[in-house]
Amino acid sequence: MLNENQDFCILIADDNSNNLKFLSKVLSDNNYRVRVSSNGKQVLKSIAIQMPDLILLDINMPEMDGFEACKIIRDDKKYNNLPIIFLTAKTDKESIVTGFEIGGQDYITKPFDINELLARVKTHLEVKKQREILKNMNQILEEKVKERTALLNDAYQELQGLDVAKNNFLSMLSHEIRTPLNGIIGASYILNDVLKENSEIAEFVEMLKVSVNRLEKFSTTALLITELQTNSTISKEDEDLVNIINECIDENTANPETRNKNLSFEKNFFSNRIKMNLNKELLKRAINNILENAIQYSFAGQKININLYEENKKNILEIRDEGKGFPEKVLKHLFEPFEIGEKHYDDNIGLSLIASKQIIEAHGGNIIIKNRDDKGASVKLSF
């Protein structure tokens with residue numbers, strides 16, 4: 001046998017000295033460390049001083065038999081993994097069943113067969129060893145989990161702090177950008193009124209108004225995109241989707257560009273009322289962005305179709321224009337805010353459509369933009 005058996009200590013309990021000598025010799029010859037006891041009380045004292053790796057426990061002993069000693073051992077949780085093999089001359093089923101019921105793992109009958117004895121001892125010691133390895137691994141894993149949990153908690157606390165800092169920064173940035181812009185916008189309108197009789201200066205003031213309005217829209221949209229990218233949730237309330245769409249149509253009907261181009265809106269809704277959990281302000285912004293884009297790139301006298309229908313248990317809002325559609329290069333990079341390539345008709349880099357996409361996705365939906373086969377473009381929002 002391998003010397004690794006020396007790592008195991010076996011306690012033999014038997015009131016028969018010949019049995020003790022025989023078992024001790026067999027096990028010692030196979031490099032096991034051996035301790036002996038002659039009754040159940042001695043067994044309890046012995047394991048209290050130093051726990052063995054296995055007990056060979058005779059059933060019939062004076063003062064305290066093997067069954068009673070086994071019951072006491074099993075009542076103490078610290079001995080849960082201590083294997084006990086009963087030694088008995090009895091072969092009746094009742095004794096064997098009783099031994100298993102009170103916590104014995106196995107039994108060996110007298111007279112002993114050396115090969116059977118060594119095989120059973122080896123098996124139970126290997127099982128015990130594997131259990132201890134597994135227990136140690138579980139303890140290591142538990143410690144690792146505790147360490148990782150602590151690290152994750154620290155990271156979470158840090159992220160919360162960063163989230164607060166980020167929100168404060170966005171709020172400050174929004175204020176610092178909008179405040180001077182509002183001043184410039186207000187001043188440009190005043191200048192326009194004061195200098196309207198001077199056509200040459202008024203033309204420059206009008207250019208100033210257009211530029212600053214565009215800058216204000218760009219900065220507001222860029223800030224919104226940043227906020228939507230960094231915030232995973234948005235506030236929502238029960239709203240009527242149809243009512244929101246109608247409000248957007250009314251606002252864009254009053255758009256000067258709509259009137260100048262003599263554009264018309266054609267509605268086709270499958271329902272007059274659709275209750276949904278939405279952020280009204282953000283959703284109106286998304287729809288208005290798409291309508292403004294359709295208006296901007298429609299030709300005079302054309303119509304814009306606004307269809308609301310149900311498909312695969314989803315509410316679909318489709319806005320279709322009759323313009324010349326999107327250039328193919330633009331379609332490929334429509335939602336990449338800083339993609340270098342062909343620009344969309346003019347210097348508009350499409351931030352409004354990116355903002356609309358993020359707003360719709362924050363509502364659990366998606367947006368599909370494509371050119372129509374006949375003419376114009378189609379933008380579908382699904383909820």
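Mentor: Let's take the sheet, the helices, a cavity and a salt bridge in turn. Keep in mind that this is a predicted model.

Trainee: What makes β2 and β5 the edge strands?

Mentor: Start with the order, which is β2-β1-β3-β4-β5 in an open sheet of five strands with parallel pairing. β2 (33-37) and β5 (106-109) each pair on one side only, and that's what makes them the edges. Going from one strand to the next, the twist averages 20°.

Trainee: How do you know that β4 and β5 really count as a pair?

Mentor: Pairing takes at least two bridges between the strands. β4 (residues 84-88) and β5 share four bridges in the parallel sense, so they pass that rule. For a spot to look at, find Leu 87, which stands opposite Ile 108 in β5.

Trainee: Which strands does helix α1 touch?

Mentor: Helix α1 (residues 17-29) packs on the sheet and touches β1 (9-13), β2, β3 (54-58) and β4. Touching here means heavy atoms within 4.5 Å. The direction of α1 makes about 165° with that of β2.

Trainee: Which element gives the most to its lining?

Mentor: α4 does, with four residues. The elements giving two or more residues to that lining are β4, α4 (93-101) and β5. Among the lining residues are Phe 86, Ile 96, Phe 100 and Tyr 107. By type, the lining divides into five nonpolar, three polar and one charged.

Trainee: How do you know that Lys 25 and Asp 29 form a salt bridge?

Mentor: Their closest N and O atoms are 2.9 Å apart. The cut-off is 4 Å between a side-chain nitrogen of Lys or Arg and a carboxyl oxygen of Asp or Glu, so this pair qualifies. Both residues lie in helix α1, four residues apart, about one turn of the helix. By that rule the count comes to 16 salt bridges.

Key:
Residues numbered from 1 in each chain as written. Predicted model: local features only at pLDDT ≥ 70, side-chain atom pairs only at ≥ 80, totals over all residues. Heavy atoms only, no water. Axes fitted to C-alpha atoms, helices over the stretch in contact; angles between N-to-C directions. 1 Å grid on protein atoms, 1.4 Å probe; cavity = no way out; pocket = protein on both sides within 12 Å on 5 of 7 lines; lining within 4 Å. Nonpolar A, V, L, I, M, F, W, Y, C, P; charged D, E, K, R; others polar.
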